[in-house]
Amino acid sequence: MERYQIGNRLQGSMPKIGIRPVIDGRRGGIRESLEDVTMNMAKTVAAFLSENLKHSNGLDVECVVADTCIGGVAEAAQAEEKFARAGVGVTITVTPSWCYPTETMDTDPHRPKAIWGFNGTERPGAVYLAAALAAHNQKGLPAFSIYGKDVQDMGDGSIPEDVQAKLLQFAKAGLAVATIRGKSYLSMGSVSMGIAGCIVDETFFQDYLGMRNEYVDMSEFIRRMERGIYDHDEYEKALKWTKENCRPGRDVNPPNLKRTDEQKEQDWETVVKMTLIARDMMIGNPKLAEMGYGEEALGRNALAAGFQGQRAWTDHFPNGDFMEAILTSSFDWNGIREPFMLATENDTLNGITMLLGHLLTDAAQIFADVRTYWSPDAVKRVTGHELAGRAANGIIHLINSGPAALDGTGRQTKNGQPAMKPFWEITDDEVKACLEATQWCPAVDFFRGGGYSTDFTTREGMPVTMARINLIKGLGPVLQLAEGYTVELPDDVHAKLDERSNPTWPTTWFVPNLTGQGAFKDVYSVMNNWGSNHAALSYGHIGDRLITLASMLRIPVCMHNVSEERVFRPSAWTAFGVLEPVGADYRACANFGPLYR
Ligand SMILES: C[C@H](O)[C@@H](O)[C@@H](O)C(=O)CO
Ligand SMILES: [Mn+2]
């Protein structure tokens, strides 16, 4: 399959990382003795980050190093000018020596910032680090502190492992912040069935994310379908691919609700067209300009979107399940590509959670309803089966009402284990396996207009993180997350439980990692403390990355199961109380306020 990149269709280039070598400005010996070692530190960090990070659209991450070491404000301003021109969205300041904090610091309030103060003793780099952090905190410009655990020698040009980990965690989250800024969230339709997460809170988008909100009525799909405003060649190709690769599943509808073969045939055509149209509305399509639709060709610069579907659309037209499943997957008829972030039911808050997860993992995200907590006793009662192994303490049934990214089948692998990978690592065979593990079932009675739901069961053994942003009046957004694993049940047990919900929808059986405390006392408590009907599921244990990103956006984390040593937040958070980190996070976020306000 071809591998292709979609991100460059969005306006603006990818944010870069600015590296700032700061130095003691005293000439006549001191500065001169430090020039090379400081500049080399900057170059080493730049090379390390470029080698180890990619943007989610597959482009390399570029670093921009200041032209000179920064010994005072004039050089700080020169670096700033270079960074602004280059589109730097994140900065990392590095030094092995003492420097003059307020005279050399990056004062841009919107850029996530980190400082790596070399742990050496020949020159006081760590003294600078502490003074610089104090200056940032005093000035209300939170910065991340990177201080290696072990003393290094002055000439040591290596980056210790603990420093590497912090650089990556900071940079990936910082790039996410910068990537989101200025992009749009596109609501296709409005509020689905009274779900509050669908209500667009523009203040949240604008103040916390720096995003714009765009809206389009679902009637736009009808207009484009009836007037043929889509790439007709691509449509033929897409329909053919769909017929060849998307296995039909069983029709579980009672005879009176079954759609005729003719209707089903037409439904396939409609859902394929909807997929093309939704994508075009998000990111535009130059082909439309050739057809005379210049305005439509531009799209909405949407990095994330949502489709209301229920009920205004689905009561009459085929549902959006195929469209949502294919767009959120890492491949389609054109090849292997970055997944789109498209929220079911236009749950904007879940859409944004997916976007954060995507920018931190580069991989597809699973949108899910948080449907059922099955205790060991309840499973035993209903199926006679004794839950065992990872599932022994109970399981949570994650099952979206129709679609989910096909990556969620767990048919990609990393070191032999199921995974959801960045599109550039996915092989043709893995695409095939995802497609083979999926069946497309005629939609059930909820969807009077037909359509095709995605039926699969996620393979077990995949480390995943379930997350969700909620809005609380008077408080603002909060993030909750649970790291855990996917599990599978014996076929007959799965079938019994799945039949009780909806056998045509995608299932992920999830078991959170328990800590024995609070919301992670047991599996039931995780379910019971979930703040809404939906969650986004990311590959890997990325709770630490989400926490770092949330702190940059000033979104407090109300519930997580990440151990203390993995939590990395700006140094100012300490000042809000080290003994009680959750409360400190709330106070720090409230104190600094949303990033763009
Ligand atoms: C089909 C139903 O209306 C579902 O869509 C509904 O249960 C939900 O998904 C609510 O999040
Ligand atoms: Mn739902």
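This is a predicted model: local features need pLDDT of at least 70, side-chain atom pairs count only at pLDDT 80 or more; totals for chains, interfaces and linings use all residues.
Two strands pair if DSSP finds at least two bridges between them.

**View 1. Strand β17 pairs with β18.** Strand β17 covers residues 439-442 and is joined to β18 by 4 bridges. The two strands run antiparallel. Gln 439 has Asp 455 of β18 as its bridge partner. Strands of a sheet pair through backbone hydrogen bonds, either parallel or antiparallel.

**View 2. Strand β13 pairs with β22 and with β14.** β13 and β22 run antiparallel and are joined by 4 bridges. Here Ile 366 has Leu 537 of β22 as its bridge partner. β13 also pairs with strand β14 (residues 395-399), again in the antiparallel sense and over 4 bridges. In that pairing, the bridge partner of Val 370 is Leu 398 of β14.

View 3. An unreviewed UniProt entry carries the annotation "binding site" for Glu 345, Asp 369 and His 534. These residues are spread over 190 residues of sequence, yet their largest C-alpha distance is 10.7 Å. Asp 369 is found in strand β13, residues 366-374. His 534 is found in strand β22, residues 534-539.

**View 4. Surroundings of Asp 369.** Is Asp 369 buried or exposed? Asp 369 is buried, because 22 other C-beta atoms lie within 10 Å. Leaving aside residues up to four places away in sequence, Asp 369 touches Ile 399, Asn 400, Ser 401, Asn 533 and His 534. His 534 carries the "binding site" annotation in the UniProt entry as well.

**View 5. Surroundings of His 534.** His 534 has 25 C-beta neighbours inside 10 Å, so this residue counts as buried. Its contacts, not counting residues up to four places away in sequence, include Phe 367, Ala 368, Asp 369 and Val 370. Gly 197, Asp 347, Asn 350 and Arg 468 also touch His 534.

**View 6. Helix α5 is largely enclosed.** Helix α5 runs over residues 161-180 and has 20 residues. From first C-alpha to last, the helix reaches 29 Å, close to the 28 Å expected at 1.5 Å a residue. Of its 20 residues, 15 are buried, so α5 is largely enclosed by the rest of the structure. An α-helix has 3.6 residues a turn, so residues three or four places apart point the same way. Just after α5, Gly 182 takes a positive phi of about 85°.

**View 7. Domain 1 meets domain 2.** The domain assignment gives domain 1 as 7-180 and domain 2 as 184-592. Their C-alpha centres lie 35 Å apart. The contact takes 26 residues from domain 1 and 28 residues from domain 2. On the side of domain 1 that touches domain 2, α4 (125-138), β5 (144-146) and α5 each supply at least two residues. Which element gives the largest share of that side? The largest share comes from α5, with 10 residues. By class, this side of domain 1 has 11 nonpolar, 11 polar and 4 charged residues.

Key
Residues are numbered from 1 along each chain as its sequence is written. Chains are lettered from A and ligands numbered from 1 in the order in which they are written. The expected span of a helix is 1.5 Å times one less than its number of residues. A residue is buried if 20 or more other C-beta atoms lie within 10 Å of its own, exposed if 12 or fewer, and partly exposed in between; C-beta atoms are placed from the backbone. Domain bounds come from an automatic or database domain assignment. Two residues are in contact if their C-beta atoms, placed from the backbone, lie within 7 Å. Ala, Val, Leu, Ile, Met, Phe, Trp, Tyr, Cys and Pro count as nonpolar, Asp, Glu, Lys and Arg as charged, and the others, Gly among them, as polar. UniProt positions are given in the numbering used here, feature names are shortened, and annotations may be inferred rather than shown by experiment.
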